[in-house]
Amino acid sequence: MLKYTQNKLSTFERSSSFKKNTLKLISFAIVFVGLKLNALSAALILSKFFPFTQDFGRFDYALTVGLLLTIFIGGGLHVSIPFYLLKEKKKEFESVFYFHGLLISSLFLITFWLIHVYSNQSASIILLSISLAVIITLQNLAAIINKSKEKIYLAVFLEASLFLTINCYNLYLLKTSGTASIEHLQYIFIALVFILANFYGIKFMKHRKCFSIKKYFLALKFGRPLILGLFLIILLTGSGRILAGHLWGMETVGIYGIYFRMAAIVILVHQILNIAFFKKIYQGQTNLLDYWFEKYLLGIILLSFIIYYLIPFLSIPYLTIVANSWNNSKLLMIALQVQMFLWIILALFENVINREKLSTAFNKGILWIILTTGVIILLSQFSPFFNLELLILLNSGAIYFAVEWQLRLLRKKGIPFVKTQRFLRLTIIASIILITFSLLYI
């Protein structure tokens with residue numbers, strides 16, 4: 001009887017634990033999706049409040065440059081944090097990361113004040129790019145520290161702080177019927193840096209007894225090797241807007257940025273599924289992974305078709321830039337959807353590459369791909385057919401060869417992804433046919 005009662009209690013506890021974990025997962029998924037949608041929508045909504053497309057283009061250009069700068073401003077500490085706090089279990093290193101956040105935010109605030117006082121150039125694109133880079137670095141480092149402590153909700157809110165701030169500004173503009181300006185955004189971002197600087201300052205003071213310059217340089221040294229790899233990946237996937245700005249001006253960047261974000265809805269879906277099935281994906285057997293990758297990528301393509309056909313109904317009534325440009329931007333949208341598809345495959349295999357310690361070999365290959373693509377783009381500028389769509393397709397071609405390089409490295413290591421590679425190549429052939437048809441009939 002006692003044994004029966006114990007078994008019953010054990011079953012009840014397991015059932016209770018399962019329900020609790022399920023509810024926890026669902027609540028996290030709701031928060032995560034909400035915050036990711038906030039990040040995706042913030043810039044789209046902001047575009048509506050700019051009086052001119054080129055003004056939105058300036059913001060989007062600064063955001064792209066800012067993302068590139070975060071790699072250097074962060075100093076590779078996003079890699080050092082999980083290593084020292086989780087793997088090595090050296091909690092005293094926490095002070096190092098708070099010191100770095102306090103250092104970069106303080107230096108930036110002092111620099112901004114000096115520029116504002118002596119030159120009054122407080123709304124330049126360069127300064128806006130650095131502001132965004134500092135904010136993204138600060139919020140991401142704080143988020144990783146909190147993830148390491150399993151404070152997941154706080155981590156995802158910290159990661160979203162920039163776009164939550166932008167959406168608060170959007171709400172203010174909606175209520176006051178105002179218009180957005182780069183100068184207003186600059187001062188809002190300065191205020192956000194100031195808030196984050198105070199957060200890092202309070203945290204550093206709490207942990208200052210554990211801090212030493214030696215630990216700080218050790219953490220920087222550990223993260224340094226991956227800086228080049230991250231820079232190359234972001235340069236490969238995000239350089240299009242920077243080149244578009246130099247070649248055709250900020251209005252083109254604004255149009256590019258709007259359609260880029262709408263095409264990037266599939267990236268949001270990928271991020272959600274990647275987090276939910278991360279362990280199963282990267283601990284599974286190769287043939288099983290190969291099978292599911294193929295099915296997963298087919299789902300991404302179907303979703304891309306749905307997004308393409310829904311844009312006129314969901315965007316045109318609300319976004320002026322889309323309403324004014326959709327008829328001439330259908331090919332642009334298709335080109336960006338091809339790019340997003342390739343971006344997702346690159347991200348799928350990135351963790352496998354890192355797991356198999358192939359990052360150095362991958363970086364060598366990707367460097368040559370970027371240099372070759374750069375030369376092709378430079379020569380293409382002399383062609384009368386060179387335009388934004390062709391630039392995106394050349395960029396997509398570079399991502400495609402980067403994926404092929406990943407697959408080649410894995411195959412040489414005895415980890416072939418036959419089905420995924422075949423599906424990738426068939427999709428590229430189908431995309432070329434679709435784009436040729438679009439050029440003739442759209």
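A residue counts as buried when its relative accessible area is under 20%. I start my notes with that cut-off, and I keep in mind that this is a predicted model.

**Entry 1: the whole chain**

I looked up how much of the protein chain is buried. Of its 442 residues, 48% count as buried.

I then listed the secondary structure. The protein chain has 19 helices and zero strands.

How far apart in sequence are the residues that contacts join? I took the contacts between residues at least 6 apart in sequence, and 82% of them join residues at least 24 apart.

**Entry 2: Ser 329**

I went to Ser 329 and found it in the loop between α15 (320-325) and α16 (330-355). Is Ser 329 buried or exposed? Its relative accessibility is 6%, so Ser 329 counts as buried, the cut-off being under 20%.

I also checked what Ser 329 touches. Leaving out residues up to four places away in sequence, I noted Ile 255 and Tyr 259.

**Entry 3: Val 418**

My last stop was Val 418, which lies in helix α19. That helix covers residues 418-441. Val 418 has 53% relative accessibility and therefore counts as exposed, since exposed means over 50%.

I also looked up a distance for Val 418. Glu 294 is 124 residues away from Val 418 along the chain, and the C-alpha atoms of the two are separated by 9.7 Å.

Notes. Residues numbered from 1 in each chain as written. Predicted model: local features only at pLDDT ≥ 70, side-chain atom pairs only at ≥ 80, totals over all residues. Heavy atoms only, no water. Helix = DSSP H or I, 4+ residues; strand = E, 2+ residues; numbered from the N terminus. Buried < 20%, exposed > 50% of the residue type's maximum accessible area, 1.4 Å probe, protein only. Contact = heavy atoms within 4.5 Å.
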